[in-house]
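Thanks for coming, everyone. Let me put the structure up, and then I will walk you through it.

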Amino acid sequence: MPDAESAHAQVVRRAGVVSLAVFFSRITGLVRETVFAGLFGAGMKYDAFVAAYRIPNLLRDLLAEGALSTAFVTTYSQTLSSKGRQEAHALSNRLTTLLVPVLTGICALGALFAPVLVDRIFPGYASIEGKLELTVLLARVMMPFLLLIALAAKAMGVLNSHGTFGVPALSSGFFNVTSVGAGLLLGFVVGPELGIDPIVGMAVGTLLGGGVQYVCQIPGLRRTGLRFRPMAGVLDPGVRQVLRLMGPAAIGAAAVQVNVMVNSVFASRMTDAAGQIIDAPVSWLAYSFRFMQLPLGLFGVAVASATLPVISRDAGAGRIEDFRNTLSRSLGLVFLLTIPSTVGLLVLSRPLVGAIYERGRFTPFDTEQTALALSFYCLGLVGYASAKVLAAAFYALDNVRTPMLVSVLSIALNFSLNKVFIDVLGLGHWALALSTSLVANLNFVLLFAFMRVKVRGVGGRRLLAAGLKTGAASIVMGACCWVLARLIESWIGPGTFVGRLAVLAVTVPAGVGLLYTLCRAMRLPELDLARQAVLARLGRNARDGA
């Protein structure tokens, strides 16, 4: 039986693999957004694309990558551990047989009722000529994305449960590359000959990217011995457990994505001083949240994905002490990675946004507004990432009620804050990002408090000490990066592409090096464990190569 140290080292190694793969995914995602920014800027067409994509994407996050993935991994891992590979594969086939027709029906209904959905969710779009109609068309094109990504999420769950993390995490990167390549081909090469709007071609490319995200994982599924065969099994205990977990898990995983959707609703009807609908806040929020996806995916999703199979087996075997230790150290690792990221994004938001997005139709004003939103979104990064790990821990304990209730409270509070900030106080789009961050942090605090009671402690004092040390080191790092950035801008000139690149090229490595030195000096245990796990992995790879 692995001890707590080796179990945590396993989580760290797997999180490292996922982080590298997710880094590729998030970087290609940024490239994708850069293409959109240059070609469409922040305005009607990209607003329409964001809104149309949000509808199937919200369902994806709730039903596929959120509820289905978590509920399925928990049940599949337990079945694999207790009943063996054959029964686990049978569970996968029974679930696929049930899900495909159900999700196909949901996609068909979504396409049919797209005009009603768009009009109700984005009420401000009808005030701008052609915007509502374009959004409806794009939503209908991209609705089948839900089915494709659900199959991809289930495939990822199978592979993660068998200890394979690299290819599933890379699949999102393949989606980004395919969606951009196919979108550009269809939108700007083939589309003009057929009279197709370029943004419609990008929507078709997004759909094709979803297909690639699933197909690229099929070889890995075959290596596990899984072959799909239709199997009826609604009454199967494993399928029933997945379905039972999915409902509350969908709500439990909903907070961030529903809150982002609610932000878009409020942003879609924001007006200027003359009472006219502003045509870009949805785009500004979407571009800024894309930056959030990089550290959130690298750290929160990676650690949660690597932790879930381990703690699911611990919980299934009744090893609560191991469960508690693994969870505590995973949260400590999240703190170590996300607190410095928050400070770094606060200090470098403008050069980051400007260097990546500001070209073509994306103006300096768009840079300022997107960077402003990013500054407030990143305040919730620690909460976003930590809540992902804690929610996975609750599901491993077969407790879906607590994350569900906390999520419902978070959604209600976010809506109330948005109402006050926008409709009462008349604040700008940045207030929508602030409300989401406040709610994300509250979500984490509540989940942590309930988990402490549930398992009688999660190493709270050790986590507080680690958080304070990491915070102190991050503040020093941030101050030094700010000074360096101001010096470089004074030499080269602020607001220039070369100046922004120089700021990033100097401050990022300097900040990382300083942070590492400070954390080493304060003897943060998470830093040592991560380093040991990486060195152990490199040593094993060297031995394998020899």
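Let me start with a question: does Arg-523 count as buried or exposed? Take a moment to find the residue. Arg-523 counts as exposed, because its relative accessibility is 69%, and the cut-off for exposed is over 50%. Where is it? Arg-523 sits in the loop between helix H19, residues 497-521, and helix H20, residues 525-545. There is something else to note about its backbone. Most residues other than glycine have a negative phi. Arg-523 is not a glycine, yet its phi is positive, at about 55 degrees.

Before we go further, a caution. This is a predicted model. Please keep that in mind throughout.

Now the overall picture. The protein chain has 20 helices and 0 strands. It runs to 546 residues, and 57% of them count as buried. The accessible surface of the chain comes to about 21,800 Å². Carbon and sulfur atoms account for 67% of that surface. What about contacts along the sequence? Take the contacts between residues at least 6 apart in sequence. Of these, 83% join residues at least 24 apart.

Next, helix pairs. Two packed helices are described by the angle between their axes and the distance between the axes.

Pair one is H4 and H5. Helix H4 covers residues 114-121, and helix H5 covers residues 131-142. Their axes come within 9 Å and cross at roughly 125 degrees. The two helices are therefore oblique to each other. The crossing of H4 and H5 is right-handed. On the H4 side, the contact is made by Ala-114, Pro-115, Val-118 and Asp-119. On the H5 side, it is made by Leu-132, Thr-135, Val-136, Ala-139 and Arg-140. By class, this contact of H4 with H5 has 6 nonpolar residues, 1 polar and 2 charged.

Pair two is H6 and H7. Helix H6 spans residues 145-161, and helix H7 spans residues 166-194. The axes come within 9 Å here, and the crossing angle is roughly 155 degrees. So H6 is roughly antiparallel to H7, since the angle is over 145 degrees. H6 brings Phe-145, Met-156, Leu-159 and Asn-160 to the contact. H7 brings Pro-168, Ala-169, Ser-171 and Phe-175. That contact of H6 with H7 divides into 6 nonpolar and 2 polar residues, with no charged ones.

Helix H16 is residues 401-424, and helix H17 is residues 430-455. They pack at an angle of about 155 degrees, with axes 9 Å apart. That makes H16 roughly antiparallel to H17. The crossing is right-handed. Among the residues of H16 are Val-406, Leu-409, Leu-413, Asn-414 and Leu-417. Those of H17 include Leu-438, Leu-442, Asn-443, Leu-446 and Phe-450. The contact of H16 with H17 counts 16 nonpolar and 7 polar residues, and no charged ones.

Now some single residues. Back to Leu-159, in helix H6. Is Leu-159 buried or exposed? Leu-159 counts as buried, at 1% relative accessibility. Setting aside residues up to four places away in sequence, Leu-159 touches Thr-164, Pro-168, Gln-217, Gly-220, Leu-221 and Thr-224. Look at Thr-224. Leu-159 and Thr-224 are 65 residues apart in sequence, but 7.8 Å apart in space, C-alpha to C-alpha.

Over to helix H3, residues 85-112, where we find Asn-93. Asn-93 is buried, because its relative accessible area is 5%, and buried means under 20%. What does Asn-93 contact, beyond its neighbours within four places in sequence? Its contacts are Leu-226, Arg-227, Phe-228, Arg-229 and Met-231.

Val-100 is also in helix H3. This residue counts as partly exposed, at 30% relative accessibility. Not counting residues up to four places away in sequence, Val-100 touches Leu-147 and Leu-151. Val-100 and Leu-151 lie 51 residues apart along the chain, and their C-alpha atoms are separated by 8.3 Å.

That is the tour. Over to you for questions.

Notes
Residues numbered from 1 in each chain as written. Predicted model: local features only at pLDDT ≥ 70, side-chain atom pairs only at ≥ 80, totals over all residues. Heavy atoms only, no water. Helix = DSSP H or I, 4+ residues; strand = E, 2+ residues; numbered from the N terminus. Buried < 20%, exposed > 50% of the residue type's maximum accessible area, 1.4 Å probe, protein only. Contact = heavy atoms within 4.5 Å. Areas by Shrake-Rupley, 256 points an atom, 1.4 Å probe, with all protein chains shown as cover. Axes fitted to C-alpha atoms, helices over the stretch in contact; angles between N-to-C directions. Parallel < 35°, antiparallel > 145°, perpendicular 65-115°, else oblique. Left-handed = near helix turned anticlockwise from the far one by under 90°. Nonpolar A, V, L, I, M, F, W, Y, C, P; charged D, E, K, R; others polar.
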